[in-house]
Amino acid sequence: MAGNSTVILGPQAYYETPGHVIAAATAIPAIDILAVILRVWARRRQKQAFKADDWLMVPATVVTVAIGVNVVYGVSQHALAYRLEIPADFDGDPLSLVTDQLVTTSKVGFAFALMLPVALGFIKSSVILFYMRFFSAITTSTTHKLLVGLNIFVIAWTVAFFFASLFQCRLDIWATWGSADQLEAHCPGTMYLDVALCATDLATDVVIVCIPIWPIWRLNLSTAKRLTVSVVFLLGAVTIVASSIRLMMEVKIATVGFDPNDDEIRKKQRLTCFYAVAFTTYLYWGMVECGIGLFAACLPIIQVHVRKLSIFKRVYSLVSKTSKPEDTPGSERIRNSMRPEQEGEAFTAKAETGVSYYSSTPVSDAKSNAELGRSLTVEIDTMEHPRV
């Protein structure tokens, strides 16, 4: 039959070539490990408690590293970033083809499908808990309720997509690394599951990135300080770009499909596109999203190290000079903003070290939105003028 038929394929994009895929799979986990180490160091420098948002970074990093190892293994076995090899003597239906390369590709993809929602879930939950630690000082506030509800949704989302991926072929898990015909027969809706994962992932990223903006711009701070803090939090918006690209790629992949009525050359083209290109594309951008998301989650904390660099010292020095006098951090401003009976209770201000609500009496004892505003003002000042 057409075992010797010619299959014309287009060039592979950079994210589908072995060199680029391995470079990303090794560099991204290394950067994330460094970011988590700097996060721990920053907490110690600022004498802040190591809480749930920090602890979740540990399993998130472990899973992200595992994803990188999984991808590198796939490339090393020519299961990713390489064209599908169809034996020259194969004369059957291409959709019934099963080779060692196909099996390895499918197993690598299956492992990735299980790890991706777990890694993203840990990262999203860590960011939300950080917001609760930073913004949700009053447990009865709307912001606190929103964050609690969002965190419950993320946990449910993680569990749901993990088990949906695990049982995408019901109990016939073996079909995941079978032929294209077996995949179609035993795993209906697999592509739509991936599209749903990407779409809901993007939606939650948008919500999580936008949450801090409203509380920050309600504070009685200079425009320069509002912009400075907003930029620190909005750096996480880079994950939205990665999520969007992955969603577009997945929608494109889902349109490939397998049609038993296609001729042999068309079947080979679709088969090659799905296994050699689609799998690599999906894994690559998922890995990039996890890496960027984890790094962005650490940025608000590790920025204290960045500000020690001389170039950033000059920038923040300029920002401080352009700030209003009443926005200058220090014990006098904080004491003047508090009622006499409050002084020494909710906050402890020291001009030479700065102040943080993490090291003071819990701000959850605050009784009004005005007190919440003051607590956030103090914490933002600590971010801009960290302990050294």
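Is Arg133 buried or exposed, going by its relative accessibility? At 7% relative accessibility, Arg133 counts as buried, where buried stands for under 20% relative accessible area, exposed for over 50%, and partly exposed for what lies in between (1.4 Å probe, protein chains only). The model behind this value is predicted, so local features need pLDDT of at least 70 and side-chain atom pairs count only at pLDDT 80 or more, while totals for chains, interfaces and linings use all residues. Residues are numbered from 1 along each chain as its sequence is written, and side-chain values use heavy atoms, with hydrogens and water left out.

Side chains of opposite charge can pair when their charged atoms come close. The structure holds ten salt bridges, each being a side-chain nitrogen of Lys or Arg within 4 Å of a carboxyl oxygen of Asp or Glu. One of them pairs Arg39 with Asp53 at 3.2 Å, N to O. This pair ties together distant parts of the chain, 14 residues apart, with Arg39 in helix H1 (residues 18–45) and Asp53 in helix H2 (residues 52–55). Helices here are DSSP runs (H or I, at least four residues) and strands likewise (E, at least two), numbered from the N terminus. Arg39 and Asp53 are both buried.

Arg39 has another partner in Asp54, with a salt bridge of 2.6 Å, N to O. Here too distant parts of the chain are linked, Arg39 in helix H1 and Asp54 in helix H2, 15 residues apart. Both Arg39 and Asp54 are buried. Asp53, for its part, also meets Arg133 in a salt bridge (3.0 Å, N to O). Asp53 has a relative accessible area of 2%, so it is buried. Put together, Arg39, Arg43, Asp53, Asp54 and Arg133 are linked in a network of salt bridges.

Next come the cysteines. A disulfide is a covalent bond between the sulfur atoms of two cysteines. The structure holds one disulfide, the criterion being a pair of cysteine sulfur atoms within 2.5 Å. This disulfide joins Cys169 to Cys187, with S to S at 1.7 Å. Its two ends sit in distant parts of the chain, 18 residues apart: Cys169 in the loop between H5 and helix H6 (180–186), and Cys187 in the loop between H6 and helix H7 (190–210). The torsion about the S-S bond is about 100 degrees, so the disulfide is right-handed. Cys169 is buried at a relative accessible area of 1%, and Cys187 is buried at 4%. Cys198 is buried as well, at 1%, as is Cys290, at 0%.

Ile155 lies in helix H5 (residues 142–166) and is partly exposed, with a relative accessible area of 48%.

As for annotation, the unreviewed UniProt entry places the feature "transmembrane region" at several spans, including residues 191–217 and 229–249. Residues 191–217 are 93% helix and 0% strand, with end C-alpha atoms 41 Å apart. For residues 229–249, the end C-alpha atoms lie 33 Å apart, and the span is 86% helix and 0% strand.

Conventions
UniProt positions are given in the numbering used here, feature names are shortened, and annotations may be inferred rather than shown by experiment.
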